Amino acid sequence: MCDPTRCDGTTPVTSQSQPSAPDRPRLRSRGRRLWEDEGGDTLTGANRVVLEEACRLVDRLDRLDAILNGRDRSWLSLEMGDDGEVQVVVDKVLSESRQQQLALKQLAAELRAAGGAGKPATGGGILDEIAARRKARLADASG
């Protein structure tokens, strides 16, 4: 069983994918890993909200990456016009992905400035992994 508003139709909703606490956000694997790495359950107030949004962005970027790499074909649709002509419609996934990356970069800077759950930002976490992947992707695209 899959909740169509929360997944891509291939990830079953199981007890493992359900929040363990009533106020814990529903996240996919990388978002959940970021939440745990940054101590999301111990945060309160604005820091918790910022981390929650960063986790959602990580999950959204994974979905956009799947679309851009052809693992998900929802970026393309066929629409029939009033005149019976079929048009190919391509979503602006690349543009959206870039906007989401910028938003994540800004949230990551806020998380680093806050030091997570009262800890100094030491690196080596998922935020650094995301930054490294983005840097590599940009280097591949320009080279």
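Start by selecting helices H1 and H2: they pack at an angle of about 155 degrees, with their axes 7 Å apart. Helices here are DSSP runs of H or I with at least four residues, strands are runs of E with at least two, and both are numbered from the N terminus. The axes are lines fitted to C-alpha atoms over the stretch in contact, and angles run from 0 to 180 degrees between N-to-C directions. H1 is therefore roughly antiparallel to H2, a label for angles over 145 degrees.

Before moving on, keep in mind that this is a predicted model, where local features need pLDDT of at least 70 and side-chain atom pairs count only at pLDDT 80 or more, while totals for chains, interfaces and linings use all residues. Residues are numbered from 1 along each chain as its sequence is written, and side-chain values use heavy atoms, leaving out hydrogens and water.

Show the side chains at the contact (heavy atoms within 4.5 Å). From H1 you will find Ser29, Arg30, Gly31, Leu34 and Trp35, and from H2 the residues include Leu51, Ala54, Cys55 and Val58.

**The core**

Next, colour the largest nonpolar core, which has 18 residues. Such a core is a set of buried Ala, Val, Leu, Ile, Met, Phe, Trp, Tyr and Cys residues joined through side-chain atoms within 4.5 Å. Buried means under 20% relative accessible area, using a 1.4 Å probe and protein chains only. Which residues have the most contacts inside this core? They are Leu34, Leu51, Ala54, Cys55 and Leu104. H1 (29–37), H2 (45–68) and H3 each supply at least two core residues, and the largest share, nine residues, comes from H2.

**Two buried residues**

Now click on Ser97, in helix H3 (residues 93–114). Is Ser97 buried or exposed? Ser97 has a relative accessible area of 7%, so it is buried. Leaving aside residues up to four places away in sequence, Ser97 touches Leu61, Leu64 and Leu68.

From there, jump to Asp65 in helix H2. Asp65 and Ser97 are 32 residues apart in sequence, yet 7.7 Å apart in space, C-alpha to C-alpha. Asp65 also counts as buried, because its relative accessibility is 15%.

**Zooming out**

Buried residues make up 29% of its 143 residues.

Methods: Buried < 20%, exposed > 50% of the residue type's maximum accessible area, 1.4 Å probe, protein only. Parallel < 35°, antiparallel > 145°, perpendicular 65-115°, else oblique.
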